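Here are some exercises to work through with the model open beside you. Try each task before you read its solution.

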Amino acid sequence: MLFSEQLRKAVDPIWEASFHHPFVKELGEGTLDLRCFRYYVLQDSYYLTHFAKVQALGGAMADDLQTTASMANHAQNTYEAELRLHEMFMKELHVTEEEKASFVPSPTAYAYTSHMYRAAFAGRFGDVLAAILPCYWLYYEIGERLKHCKPKQPIYAKWIEAYGSDWFKQLVEQQIARLNDIAKTASEKERERMKQHFWISSQYEYLFWEMAYKLEYWPIGKGSVHANERA
């Protein structure tokens, strides 16, 4: 069994929970409250900004220049494709400059990005890949599951189209193959560490849907741009 297959099998219950989370299901149906999606877009834009930086850090840690160039390309794709998509969503959702300026990441978004940085600064290139791969891979599988959905909300249709594309599939497959190559020469201790990073990131992916669906906020004081919406 390939290392990636071991990882996927280990997190199957977590990913199944993501597939069936109300945020994901209602997005596909077109019934998701726009407030939840709006909140998600703001938090995910924050996440993706740091995701791109971690991709770049991974490139700097790679053993060969070709992999460094590839990871730099992945970071650029995150900016050009995903972040620009979010910028378009923000315009359509009428997110103001004041909201952007006063934005505070939610507890989950902050913790997830911190987890990725820890994997990068305390580990090696394989640790980086294991920590960021669930974001790629899970979104691709969700895109595959939802690609036949036709939500009447145009924003949701655009989201599904982005993650169910052949272009995104190629990015996912490239990173899976790269992690399998690293695992071949990694020690048992290194493989176990990569498995843990992958498992934790998968948990955070589920928590990200939960965060957006419940409009998560910090418990004391003004903790997010949507904190007052719960009152």
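Before we start, one definition: helices are DSSP runs of H or I with at least four residues, numbered from the N terminus. Please also keep in mind that this is a predicted model.

**Exercise 1. The largest pocket**

Task: Find out which helix gives the largest share of the lining of the largest pocket, and how the lining residues divide by class.

Solution: 
- Step 1. Begin with the volume: about 390 Å³ of space lies in the largest pocket.
- Step 2. Look at the residues around this space. The lining has 17 residues, and the closest to the pocket centre are Asp63, Arg124, Phe125, Gly126 and Ile182.
- Step 3. Assign the lining to elements. Two or more residues come from each of α8 (125-146), α10 (166-185) and α11 (188-213).
- Step 4. Pick out the main contributor: α10 provides the largest share, 4 residues.
- Step 5. Sort by class. The lining holds 6 nonpolar, 3 polar and 8 charged residues.

**Exercise 2. The second largest pocket**

Task: List the residues that line the second largest pocket, and name the elements that give two or more of them.

Solution: 
- Step 1. The volume here is about 160 Å³.
- Step 2. The lining is made of His115, Arg118, Ala119, Ala122, Arg193, Gln196, His197 and Ile200.
- Step 3. Helices α7 (107-122) and α11 each give two or more residues to this lining.
- Step 4. By class, the residues are 3 nonpolar, 3 polar and 2 charged.

**Exercise 3. Salt bridges**

Task: Which residue pairs with Arg38 in a salt bridge, and is the pair buried or exposed?

Solution: 
- Step 1. The cut-off for a salt bridge is a side-chain nitrogen of Lys or Arg within 4 Å of a carboxyl oxygen of Asp or Glu. The count by this rule is 14 salt bridges.
- Step 2. Apply the cut-off to Arg38. Its partner is Glu99, with the closest N and O atoms 2.8 Å apart.
- Step 3. Locate the two ends. Arg38 belongs to helix α4 (residues 34-61) and Glu99 to helix α6 (residues 97-101), so the pair links distant parts of the chain, 61 residues apart.
- Step 4. Check accessibility: Arg38 and Glu99 are both buried.

Task: Now try two further pairs, and find the network that contains Arg8.

Solution: 
- Step 1. Lys214 and Glu210 form a salt bridge, with 2.7 Å between the closest N and O atoms. Lys214 is partly exposed, at 47% relative accessibility.
- Step 2. Arg8 and Asp12 also meet in a salt bridge through their side chains (3.1 Å, N to O). Arg8 counts as buried because its relative accessible area is 15%, whereas Asp12, at 31%, is partly exposed.
- Step 3. Follow the shared partners: Arg8, Asp12 and Glu141 are joined into one network of salt bridges.

**Exercise 4. The buried side of α9**

Task: Which residues of helix α9 (residues 154-163) are buried, and why do they lie on the same side of the helix?

Solution: 
- Step 1. The buried residues are Ile155, Tyr156, Trp159, Ile160 and Tyr163.
- Step 2. These residues are on the same side of α9 because they cover an arc of only 135° around the axis.
- Step 3. Relate this to helix geometry: an α-helix has 3.6 residues a turn, so residues three or four places apart point the same way.

Note on methods: Residues are numbered from 1 along each chain as its sequence is written. This is a predicted model: local features need pLDDT of at least 70, side-chain atom pairs count only at pLDDT 80 or more; totals for chains, interfaces and linings use all residues. Side-chain values use heavy atoms; hydrogens and water are left out. On a 1 Å grid over the protein atoms alone, a cavity is a set of points where a 1.4 Å probe fits but cannot get out, and a pocket is an open set with protein on both sides within 12 Å along at least five of seven lines; lining residues have an atom within 4 Å of a point. Grid points are joined across faces, edges and corners, and a volume is the space filled by probe spheres set on the points. Ala, Val, Leu, Ile, Met, Phe, Trp, Tyr, Cys and Pro count as nonpolar, Asp, Glu, Lys and Arg as charged, and the others, Gly among them, as polar. Buried means under 20% relative accessible area, exposed over 50%, partly exposed in between (1.4 Å probe, protein chains only). The arc is that of the directions from the helix axis to the C-beta atoms.
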